[in-house]
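Visitor: I would like to know how the labels used for this model are reached. Please take them one at a time.

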Amino acid sequence: MATLKVNQGKVTPKTANELIDICPFGAIDEENGKLIINSNCKMCKICVKKGPKGVIELVEDKKIKKVNKREWKGITVYVDHVEGEIHPVTYELIGKAKELAKKVDYPVYCLFIGNDIKEKAKNLLEYGVDEVFVYDYKELNYFRIEPYTLAFEDFINKLKPSIILVGATTTGRSLAPRVAARFRTGLTADCTILDIQKNTDLIQIRPAYGGNIMAKIKTTNSRPQLATVRYKVMDAASKCENISGRVTSLEIDSSKFNSNIEVIKITKKEKEENISEADIVVAVGKAIKNEDDLKMAEELANILGGQLACTRPIIENGLIEPKRQIGLSGRTVKPKLIITLGISGSVQFIAGMNSSEYIFAINKDPEAAIFNIAHYSIVGDIFEIVPDLIEEIKKQKDIELKECIGIS
Amino acid sequence: MNIVVCIKQVPGTSEVNIDPETGNLLRSGIDSKMNPYDLFALETALRIKERKGGLIKVITMGPLHARDVIKEAYMMGADEGYLLSDKVFAGSDVLATSYTLSQGINKIKPFDLIICGKQTTDGDTAQVGPETAEFLNIPHIANVLNILKIRDNELIVEMDMPNTVEIAKINIPCLLTVDKDIYDPRLPSFLKKISTRDKKIEIFNFKDLRDKNKKKYGLDGSPTQVEKVFPPKVDKNKEKWTGDSRDLGEKIAKELKNLKFI
């Protein structure tokens, strides 16, 4: 592995300042005319590549033991579940795993840890997984960190997978780091793009600094390579017609499943009714005049699994409760998707929703202020467009349902 | 109860831009602050201390100016502060950071409870807490929403799961990562600022740590390598659609499907 060496002889006030400025992480300090690289350094090597020539050099260490990458094979997807109910991120990871595996001729495995899950494991084969490995023990009924890590460790030792993909769910974010630390290997969180090199190194791209920069990360000299991916980032695998994979139960000495954690009670979460937390928001404005108009907007919100919100005038007519108001005098929302229906876009309203990820605005007036900030400006009458939109969404959902149950 | 809180100094803003010509990061000033998520961790520790008594130690890793976040913790009520700082630690990824922290925490034993924020605002990984717990060989629970009971040898906590909330009992010693909003963090106190102005901050260098194998720290101890950083692709063009309403309805539905909202 390489280290950075500062050639102090070449340090001048000018080069020093240049380097301090160039470092994105504030990792270069000047002390008594000497340049020092501090612990903020992320080894991005910008100082070597873009800094004044020869001041900071990359020194390769030849003594590092190289991992034998040929000993590690296959891509494993960790099956995320709560009491056997599989989280859909799992199918998305299988989809990505299959795509990567093709490039380097790897098998795709699933690792399923739980209790009474063998039947459910078979269903995973329909997505084209080569082998599902199952640890099925009553001690694994609930997610508890020590027994789950133990089973995971046992699996890695037996199968030696080169790559392990884990959903960035609450469980995955707790389990993956534990496993990575146990094997002293690399783990990259919340990857948005994954690819693979011929030498089986996983190319991991993820956002940092709140999404303001992207980093390309590799685990070049250790195996397995672990990465987590959030739900709805990758495309789900489709079902295959010919099932060729199999389910294999792995044995472990269950007396080793000790835990310092005891799960006492599990309660279903109450449905989120806070517009600030919603991922999808349908917002209505003055164009909505009565209960019937409102029903149309509600139906759109429901069918998208989102929440209904509104502008201030609607609150004033008493059509909608005040906690659903967006804007300076209401709440600020930052959903992944907001669809505004007949909202002209006052400054006060826009201030409360401007940082939404995708803004679809439908309004009759082509000059409406909302179109200045919308990503999709749709000029038209909401009473004509929305009913059609609802119908189309229903159609799309139908198609998806049919694909899911294998009718096409 | 002896509580260790892990904190981190992060840039004052996550607004970073990249020079499109040189590819360099342009930071607006070098302002830095305590990772906002750590405020919840520290507040949790302070509440536990108020109920059960004890000692709160904060620990961080970073350059010397990371002392500022320890001072901030003192102003909120932390009792002792420790800074892990050495050029050997440079280039640490999650694994090396967690290992260094665990070595530092081993130096400030005994502890009953370690509390970490859910994640940082610069790295955003949420991984350092669980990895540190692994190196210390203690159990952990992530995403703790609420601490229901504190007993001498165990805690009962509420944890956030995708569709459920779990109540679990965990033996001490253990590590918790707490969600934001677990408690409202208090503001730094001016009186404490004055009274802790000269309060000691102990600095641990590499040579102070028990494990002296340099290959486990900094860049050498980091299996992941950042190959490059670049600006995110801005692919959100602004589009204006007009025309027949039936077509528009269909067009919107298709786009929503493309964007995976359906």
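This is a predicted model: local features need pLDDT of at least 70, side-chain atom pairs count only at pLDDT 80 or more; totals for chains, interfaces and linings use all residues.

Visitor: What makes A:Arg324 buried?

Guide: The relative accessible area of A:Arg324 is 12%. Buried means under 20%, so A:Arg324 is buried. The residue belongs to the loop between α8 (312-316) and β20 (337-341) of chain A.

Visitor: Why does A:Thr15 count as buried?

Guide: A:Thr15 has 13% relative accessibility, and the limit for buried is under 20%; therefore A:Thr15 counts as buried. A:Thr15 is placed in helix α1 (residues 13-22) of chain A. Its side chain reaches the backbone nitrogen of A:Thr12 at 2.8 Å. Not counting residues up to four places away in sequence, A:Thr15 touches A:Lys10, A:Pro52 and A:Val55.

Visitor: Why is A:Glu392 called buried, and what is it in contact with?

Guide: With a relative accessible area of 9% against a cut-off of under 20%, A:Glu392 is buried. Helix α10 (residues 382-405) of chain A holds A:Glu392. Leaving aside neighbours within four places in sequence, A:Glu392 is in contact with B:Gly249, B:Glu250 and B:Ala253. The C-alpha atoms of A:Glu392 and A:Val166 are separated by 34 Å, and these residues are 226 residues apart along the chain.

Visitor: Which residues meet where α6(A) and α4(B) are in contact?

Guide: From α6(A) come A:Arg173, A:Ser174, A:Pro177, A:Arg178, A:Ala180, A:Ala181 and A:Arg182; from α4(B) come B:Pro130, B:Glu131, B:Ala133, B:Glu134 and B:Phe135. By class, this contact has six nonpolar, one polar and five charged residues.

Visitor: And what makes α3(B) and α4(B) oblique?

Guide: The axes of helix α3 (residues 94-107) of chain B and α4(B) come within 8 Å, crossing at roughly 50 degrees. Again the limits are under 35 degrees for roughly parallel and 65 to 115 for roughly perpendicular, so α3(B) and α4(B) are oblique. This crossing is right-handed. The contact is made by residues including B:Leu95, B:Tyr99 and B:Ile105 of α3(B), and B:Val128, B:Phe135 and B:Leu136 of α4(B). The residues of this contact divide into eight nonpolar, five polar and one charged.

Visitor: How do you know that α4(B) is largely enclosed by the rest of the structure?

Guide: Eight of the nine residues of α4(B) are buried, so the helix is largely enclosed. The buried residues are B:Gly129, B:Pro130, B:Glu131, B:Thr132, B:Ala133, B:Glu134, B:Phe135 and B:Leu136. They pack against α6 and β11 (187-188) of chain A, together with α3, β8 (113-117), β9 (140-150) and β12 (174-178) of chain B. After α4(B) comes B:Asn137, with a positive phi near 60 degrees.

Visitor: Why is A:Lys160 called partly exposed?

Guide: A:Lys160 has 31% relative accessibility. Buried is under 20% and exposed over 50%, so A:Lys160 counts as partly exposed. Its place is the loop between α5 (145-159) and β10 (163-167) of chain A. Phi of A:Lys160 is positive, near 50 degrees. Most residues other than glycine have a negative phi.

Visitor: What makes B:Lys260 partly exposed?

Guide: The relative accessible area of B:Lys260 is 27%, between the limits of 20% and 50%; B:Lys260 is therefore partly exposed. B:Lys260 is found in the segment after α6 (245-258) of chain B. Although not a glycine, B:Lys260 has a positive phi of about 65 degrees.

How values were computed:
Residues are numbered from 1 along each chain as its sequence is written. Chains are lettered from A and ligands numbered from 1 in the order in which they are written. Side-chain values use heavy atoms; hydrogens and water are left out. Contact means heavy atoms within 4.5 Å. Helices (H or I, at least four residues) and strands (E, at least two) are DSSP runs, numbered from the N terminus. Ala, Val, Leu, Ile, Met, Phe, Trp, Tyr, Cys and Pro count as nonpolar, Asp, Glu, Lys and Arg as charged, and the others, Gly among them, as polar. Axes are lines fitted to C-alpha atoms, for helices over the stretch in contact, and angles run from 0 to 180 degrees between N-to-C directions. Angles under 35 degrees count as roughly parallel, over 145 as roughly antiparallel, 65 to 115 as roughly perpendicular and the rest as oblique. A crossing is left-handed if the near helix is turned anticlockwise from the far one by less than a right angle, and right-handed if clockwise. Buried means under 20% relative accessible area, exposed over 50%, partly exposed in between (1.4 Å probe, protein chains only). A polar contact is a pair of N or O atoms within 3.5 Å; within protein, one must be able to donate a hydrogen and the other to accept it, and residues adjacent in sequence count only if both atoms are side-chain atoms.
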